[in-house]
Structures are given as C-alpha cells and as structure tokens.
Amino acid sequence: MLSVIIVIAIILLSIILAGIGAYVVIHSADEKEEIKPVIDVSGQYAVVVRPARESITAVKPSEASLRSWLETQPLSPEQREDLIAQWNESIENTIRTIDEGDKNGTATYRIEIGPKGKNYCKFVNEDNFITREQIRNHAEILPPYVLGCDCRLLPKQPWENPSKSGWKAVVPTHGNTYDVPDWRQLA
C-alpha cells in the first residue's frame with residue numbers, strides 16, 4: 001500500500017513540474033518577441049548604435065550659430081536664408097541615409113564630393129569610404145562641411161569601384177582627429 005502512495009505522489013509531482021515547465025516556456029516565448037534595437041557590428045561585438053541625429057547635432061553648429069555668423073557676412077537676407085535651408089537639407093539627407101543604412105545593415109558609406117566641396121574637403125579622397133563605426137565616433141566627418149557645401153553621403157555598394165586603385169579609407173590625420181574644414185566659410 002505504501003508503494004502505491006509513493007508511485008501516485010511521484011506521478012502527481014511529475015505532472016505539477018511539467019505544468020510549471022510549460023508555463024515558463026510559454027511566458028518566456030512572449031518576452032522574446034520584443035523589438036530589438038538596431039545594432040552596429042564592431043569587430044566581434046555588437047554595439048547599440050547612437051542615433052544619427054544625436055551624433056550629428058552634437059558636432060555640427062546650430063541654426064542660431066549659422067544665423068549669427070551669416071549676419072557678419074556681406075549677403076542679402078535671401079542668400080542667408082538659402083544657405084541655412086541648404087545646410088538643413090544636407091543635414092537631413094545625411095541623417096536619412098544613415099537611418100536607412102541602419103535599417104538595412106549598411107556598414108560602409110562614401111562621401112560624394114561636389115564641385116564646390118573640392119575646394120574644402122582635402123581630408124577626403126575621391127575614392128573614399130567611411131564605416132558606421134567612424135560615423136558613430138566622429139560625426140564631424142559627415143557633410144555638410146561649410147555653408148553652401150554640395151557634398152553628400154551615400155551608401156557604398158560592394159560592386160562600386162571608382163578607380164583601379166580601389167577604395168581609400170578616410171583616416172584621421174592628427175592622432176584621433178580629422179582635417180574637417182571650419183564651417184565658417186562660404187562655398
């Protein structure tokens with residue numbers, strides 16, 4: 001009789017433990033369905049990406065700074081407004097390019113140097129590329145560089161090869177800084 005009670009207790013205990021296990025598995029599956037943040041791979045380790053807008057606004061001048069400096073220049077009010085609008089549009093295009101790249105896994109970009117930008121962007125080669133990690137750590141290398149700048153950021157596609165020499169990384173020139181031009185110039 002005692003052995004029957006022990007067998008029944010073991011069966012009941014097994015049923016209870018199986019129920020607890022099923023409960024834990026079902027509820028942990030709900031937690032796994034959470035949306036994960038966009039990540040950038042840096043070497044072996046995944047690092048949460050700082051939003052592009054936050055990175056850029058931390059290093060680029062504010063609109064108030066732009067307006068203040070433009071007031072000192074011999075320009076008409078319309079020219080000042082055009083330069084500010086062009087600057088803001090360039091910033092928004094750069095942010096949009098990076099945000100789209102973060103969504104589709106783009107890890108490298110290139111800077112297309114416009115005719116006006118060639119006079120100011122000596123730190124960038126025509127066959128340049130920059131990485132998402134560089135953007136995260138040094139957003140100052142992103143266009144625009146000066147007022148009226150016509151450079152723009154584009155994703156670097158693997159099939160693109162601008163010349164026989166291949167792509168050239170944009171590298172710091174003075175330790176950990178880049179020779180980005182002072183924005184207080186007119187292109």
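How many aromatic pairs does a search of the whole structure find? The search finds two, where rings of Phe, Tyr and Trp (its six-membered ring) count as a pair if their centres lie within 6.5 Å. Trp69 and Trp183 form an edge-to-face pair, 6.1 Å centre to centre with 70° between the planes; planes under 30 degrees apart count as stacked, over 60 as edge-to-face and the rest as tilted. This pair links distant parts of the chain, with Trp69 in helix 3 and Trp183 in the segment after strand 6, 114 residues apart.

The model is predicted, so local features need pLDDT of at least 70 and side-chain atom pairs count only at pLDDT 80 or more, while totals for chains, interfaces and linings use all residues. Residues are numbered from 1 along each chain as its sequence is written, and side-chain values use heavy atoms, with hydrogens and water left out.

Helices (H or I, at least four residues) and strands (E, at least two) are DSSP runs, numbered from the N terminus. Four strands form an open sheet with mixed pairing, in the order 5-3-4-6; two strands pair if DSSP finds at least two bridges between them. Strand 5 (152-155) and strand 6 (168-169) are at the edges and have a single partner strand each, so one side of each is left without a neighbour in the sheet. Strands of a sheet pair through backbone hydrogen bonds, either parallel or antiparallel.

Strand 3 (residues 108-112) pairs with strand 5 in the antiparallel sense over four bridges. Within this pairing, Arg110 has Leu154 as its bridge partner, and Ile111 has Leu153. Strand 3 also pairs with strand 4 (residues 128-131), again in the antiparallel sense, over two bridges; here Ile130 is the bridge partner of Tyr109.

Thr108 is found in strand 3. Leaving aside residues up to four places away in sequence, Thr108 touches Phe129, Ile130, Thr131, Pro155 and Lys156, contact meaning heavy atoms within 4.5 Å. Thr108 and Gln157 are 49 residues apart in sequence and 8.1 Å apart in space, C-alpha to C-alpha.

Helix 4 (residues 77-104) lies across strand 3 and strand 5 and runs at about 15° to strand 5. Axes are lines fitted to C-alpha atoms, for helices over the stretch in contact, and angles run from 0 to 180 degrees between N-to-C directions.

Helix 4 also packs against helix 3 (residues 63-70), at an angle of about 150° and with the axes 10 Å apart. Helix 3 and helix 4 are therefore roughly antiparallel; angles under 35 degrees count as roughly parallel, over 145 as roughly antiparallel, 65 to 115 as roughly perpendicular and the rest as oblique. Ala, Val, Leu, Ile, Met, Phe, Trp, Tyr, Cys and Pro count as nonpolar, Asp, Glu, Lys and Arg as charged, and the others, Gly among them, as polar.

Helix 2 (residues 52-59) packs against helix 4 at about 145°, with the axes 9 Å apart. Ala52, Arg53 and Ile56 of helix 2 meet Ile91, Glu92, Thr94, Ile95, Ile98 and Asp99 of helix 4. By class, the contact of helix 2 with helix 4 has five nonpolar, one polar and three charged residues.
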